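Let's walk through this one together, from the overall fold down to single residues. Keep the viewer open and follow along.

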Amino acid sequence: MGLENRLKEYRARNNLNQSDLGKLVGTSRQTISLIERGDYSPSVILALKIAKVFGATVEELFLYKEE
Amino acid sequence: MKKLNSTIKFFIILALSAFIGGLLGGSIVYGEAAINRSLNSFQNFIITNNLLIQAILLGFCAILILILYFSAKLKVKQLEENNDVLFDQIDRQLGFLVPFISVTMITGFCLFGITIANTLEDFEFLGFFIFLANTAFTLIMTVLTIKLTKVLYPGKKGNPLDFNFDKEWVKSCDEAEKFIIYKAAYRCYQLMNIVYCGAVTLCMLTSIAVSIGIFPYLLIGFLWITQTLIYAISANRFQHGQLDNGQ
């Protein structure tokens, strides 16, 4: 299983850097970087917070792909 | 088939380990005198030059800590917003500095233990002074490094001189940072099981050539059992409602 995400794309669209997004959702820049690289799958709460910032749904940002 | 393969692999490793153990044990019996001599001369070297080793080793560590700390501090001053490369560089430097300071403190404790064990009749004040100086230095550097880390991560909480520091620090970490801490702690647990096993084997092999008494076995056994029990009890507690992961 794998969790892909479109965080970078949404961040660019909203003109936000990793630090800004981190501040908005209450995490560090490293955590955003880890999520973007696919090295860390966020909790449901964090995924919902990120989706809220972009005005999108969690499904639009995170794509679950079965291998 | 896969299960059978892993069982065969397990028995092959077991047989190989027994063979290597036998080979090592045999060679120790044959080279008993030489091993005895070299271990004794190594021990004598450490005891005779204990203070010098302490001064040089801990002095070198102290210089390295100061260089790393002040270089990190300078980089923090130069850090501008959005400079992710420099941020990562400082983060890595501080991530090395904190455990290095701890290792220096632990080394100081161990070397002071050797001083105490071998100079009971004629107490070495210089050894005591080096130990005190090293402990004070490492404590001050820990506090300063944590302060610097807090400049980088303003959300971090906790005072290193407080007994609840670890608890407060982890509490102020975000979920990915916590995940990293827990993963690293589990890796440490796994590796320590191998280290304890290796230490007991090493003691058994050494005892063929040199008498080391029963205390190394008791100490390793005590530490190994303590670690296993703490892990098991904590895992059991977390499994039955004390996980506290719903924030």
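Before counting anything, a word on bookkeeping: helices (H or I, at least four residues) and strands (E, at least two) are DSSP runs, numbered from the N terminus. What you're looking at is a predicted model, where local features need pLDDT of at least 70 and side-chain atom pairs count only at pLDDT 80 or more, while totals for chains, interfaces and linings use all residues. Residues are numbered from 1 along each chain as its sequence is written, and chains are lettered from A and ligands numbered from 1 in the order in which they are written.

Start with chain B. Its secondary structure comes to 8 helices and 0 strands. The radius of gyration (over C-alpha atoms) is 23 Å, well over the 18 Å that the globule rule gives for 247 residues, so chain B is more spread out than a compact globule. That rule is 2.2 Å times the number of residues to the power 0.38. Along its principal axes, the C-alpha trace of chain B spans about 65 × 60 × 35 Å.

How much of chain B is buried? Call a residue buried if 20 or more other C-beta atoms lie within 10 Å of its own, exposed if 12 or fewer, and partly exposed in between, with C-beta atoms placed from the backbone. By that count, buried residues make up 10% of the 247 residues in chain B. As for contacts, two residues have one if their C-beta atoms, placed from the backbone, lie within 7 Å. Of the contacts in chain B with a separation of 6 or more, 62% are between residues 24 or more positions apart.

Now for the packing. A nonpolar core here is a set of buried Ala, Val, Leu, Ile, Met, Phe, Trp, Tyr and Cys residues joined through C-beta atoms within 7 Å. The largest one has 14 residues, and those touching the most other members are B:Ile65, B:Ala72, B:Ile90, B:Leu94, B:Leu97 and B:Ile101. In chain B, α3 (50-78), α4 (84-118) and α5 (125-152) each supply at least two residues of this core, and α4(B) gives the most, with 7 residues. Apart from this core lies another, of 8 residues, among them A:Leu21, A:Ile35, A:Leu46 and A:Ile50.

Zoom in on α4(B). This helix has 35 residues and reaches 51 Å from first C-alpha to last, close to the 51 Å expected at 1.5 Å a residue; the expected span is 1.5 Å times one less than the number of residues. Its buried residues include B:Phe87, B:Gly108 and B:Thr115, and what covers the buried residues of α4(B) includes α3 and α5 of chain B. Leaving aside neighbours within four places in sequence, B:Leu97 is in contact with B:Ile65, B:Leu68, B:Tyr69, B:Ala72 and B:Thr145.

Finally, hop over to chain A. A:Asn15 sits in the loop between α1 (7-13) and α2 (18-25) of chain A, and has a positive phi, near 55°, despite being a residue other than glycine. With 7 C-beta neighbours inside 10 Å, A:Asn15 counts as exposed.
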